[in-house]
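Visitor: I'm new to this one. Could you show me how to read it, feature by feature?

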Amino acid sequence: MNTKNELDFLIINRNLKNVTNNLIMDLKSHENVGIVGAVDAGSRDEEISKHTVVRDDSYEAKAYGLRINRGYNLGLNWWIKHSNTNSNWVCLLPNDSIIENMEIVKLLGEVDNYEKCQAIVPISPLSAYSKYLIDKNIFLNWHFAEGPIILKRSLVEYFFKQKNLVFDNDNFRGYLSFIYLAIEIYANNLCMVGSNLISFSENEDFLINNFNLIETESIDENKNLLIKEGLLILGKKYGLESRLGLELIGRLLFEEFKKVNPDIDIPTIF
Amino acid sequence: MSLEVIDSIIELADKYRKKISIIPSRRQIDAKSLGGGYVNKWSTEEFTNYVRAADKGKHIWLSRDHSGPWQLNETVNGVMVNFEDAMESCKESLKVDIECGFDLIHLDASLGLKHGRSSSQILDDTLYLLNYCEEIRIENNLPEINYEIGSDEQSQIPTDPLEAEEQLNLYLKNIKKNSLPKPTFYVIQTGTKVAETRNIGSFQSPFNVEQVLPTSVQIPAILKICQENGIFFKEHNSDYLNNESLSWHRRFGINAANIAPEFGVAHTKAILHAAKLWGFNSFLSSFTEYVLDNKKWEKWTVPKTKADNYEKVIIAGHYHLSDEYIIKLVRDLDCDLKLKGVSLGESIKGSIKNSIDRYLQYFGYGLF
């Protein structure tokens, strides 16, 4: 088995077993898909997917869920320590994802030409970047919206060695998570790309209509808390008043990366 | 805009000894031959005389916002103004602006898109007006004028930096081909948008807006385009931005910004506040009824607005400050307040100056 071109998938599930199982079956129907497992974020027992590979059944997880940062960290911890796979890449997904494109071989073929490329953000059709991807499949960038993400094993192992996680568990709802990640990636003279070769859209129906089944807040309340808690962390940890300060750090590190790595010919959008 | 706003700008420019543009639209102030405007019922000529006399330090740039066909009115007595008439009216307005010695003129022919003109005709119209302005300037032996091109209408201009670059290149190429002067400013969307008394654009949104480039990506991209083309980058619709957003303008390198209704709103709020504080309820009822009945607030409210009557009145009150009925109402209020030892004029001026000064501080006017 040539595992080089395989991509593993970990899906965060909270109380939506059927939705998660359907997404897993859908993913498994594609070529070059490696391990596909569910990461359980404190579901009720009857809503735990049969594909679950790791679970947090603590009181806290059951009461509040894990959200993407804690959920992704739980899955990544399992992936690097326990997964029986040789895939170099893992895709982390919320279970409300809908597959839009799945060209795994082409994507990994492109990014594996660049050793420094350690993260890929799938670009959804609703992303502001999608219209720039007519003549290119991948682009170097630093500013991505939170959602699905594909990480390279070497990056995950490096971050776990350094800090025993990838994403900040204190940033519960994941406000600006991918900007923080971009800062850490570019500060290490590594890079991240966006691509539509693998792409998902978000089915917001679950958050709008089934938030009570998921046992989470309504979409509006969640958005308010995302900002309120996110700004608190931004201020407390970094002394910044708004996202623009953090984004400036990301942008400057990105510009510096381009300057010191002129050989990396991945196109940029701007 | 109001007389008090103009006075406040002149005083603040003098205080900081730095340039500020007073930039009326054609509806606010226009040539005497075109009927003048709603600000103090002034014509361009009267406005110019007033500002030039008051601006002892010569810090004010007399400027024109959105000069182009249909910018004064799109219909007359319910009948659509045709292109030829709209263009003639615009030319007359520009001629007076230039003869009055305006320092900056924003040429914006983009309303033509609503009236059946194509994008290439809009370009031709802009070049035609630019050429016309230069003819008038040269005829009158006047110094060079700063021009501004582009539009802030979100439906009519590219929000995409690549499209904006393509448009700018096209304009600059044709301007050069026609040996016309290169504009000083280019207006591009930065993610600001005014509705009611809020800035609802993506600029200060704490989260990503679907299908809209993040501010931190959009603005540096625009700035690069402008720098490469040797043109300054001007933001429109900068009203109601919070202090944090304003503080980023200099850091991003935004060269200039237009602020319009916020200062008019500050004027109205100061009047209403004084009336309320001293219990002049009959004034409040009359003022409110008049503004609500005239429905100028409709221009700024969002669909299914939740704005209450007070908000509607502060949104639109400044449009009526030169209406006879409102002049009389405010004059009576002023007399009543004087009896109580209160100066309405000072309260209004203080409010407006605070509102303007907030921008000036963040735009570096306090720095030496």
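Visitor: Among contacts in chain B between residues at least 6 apart in sequence, what percentage join residues at least 24 apart?

Guide: Keep in mind that this is a predicted model. For chain B the share is 71%.

Visitor: What is chain B built from?

Guide: Its secondary structure comes to twelve helices and eleven strands. The C-alpha trace spans about 65 × 50 × 45 Å along the principal axes, and 46% of the 368 residues of chain B count as buried.

Visitor: How does the radius of gyration of chain B fit a compact globule?

Guide: It agrees, because a compact globule with 368 residues would have a radius near 21 Å, and chain B has 21 Å.

Visitor: And how do I read a core?

Guide: Start from the general idea: in soluble globular proteins, nonpolar side chains tend to be buried together. Here the largest nonpolar core has 86 residues, and B:I9, B:I105 and B:Y186 have the most contacts inside it. Helix 8 of chain B (residues 261–277) gives the most to this core, seven residues. At least three residues come from each of domain 1 (3–262) and domain 2 (265–353) of chain B. Another core, of 72 residues, lies apart from it, with A:L66 and A:F257 among its members.

Visitor: Where do the two chains touch, and how many residues of each are in contact?

Guide: 16 residues of chain B are in contact with 14 residues of chain A. On the chain B side, helix 6 (215–228) and helix 7 (243–252) are the elements that give two or more residues. Helix 6 of chain B has the largest share, five residues. By type, that side of chain B divides into ten nonpolar, four polar and two charged residues.

Methods
Residues numbered from 1 in each chain as written. Chains lettered and ligands numbered in written order. Predicted model: local features only at pLDDT ≥ 70, side-chain atom pairs only at ≥ 80, totals over all residues. Core = buried A, V, L, I, M, F, W, Y, C linked by C-beta atoms within 7 Å. Buried ≥ 20, exposed ≤ 12 C-beta atoms within 10 Å, placed from the backbone. Helix = DSSP H or I, 4+ residues; strand = E, 2+ residues; numbered from the N terminus. Domains from an automatic or database assignment. Contact = placed C-beta atoms within 7 Å. Nonpolar A, V, L, I, M, F, W, Y, C, P; charged D, E, K, R; others polar. Rg over C-alpha atoms; globule rule 2.2 N^0.38 Å.
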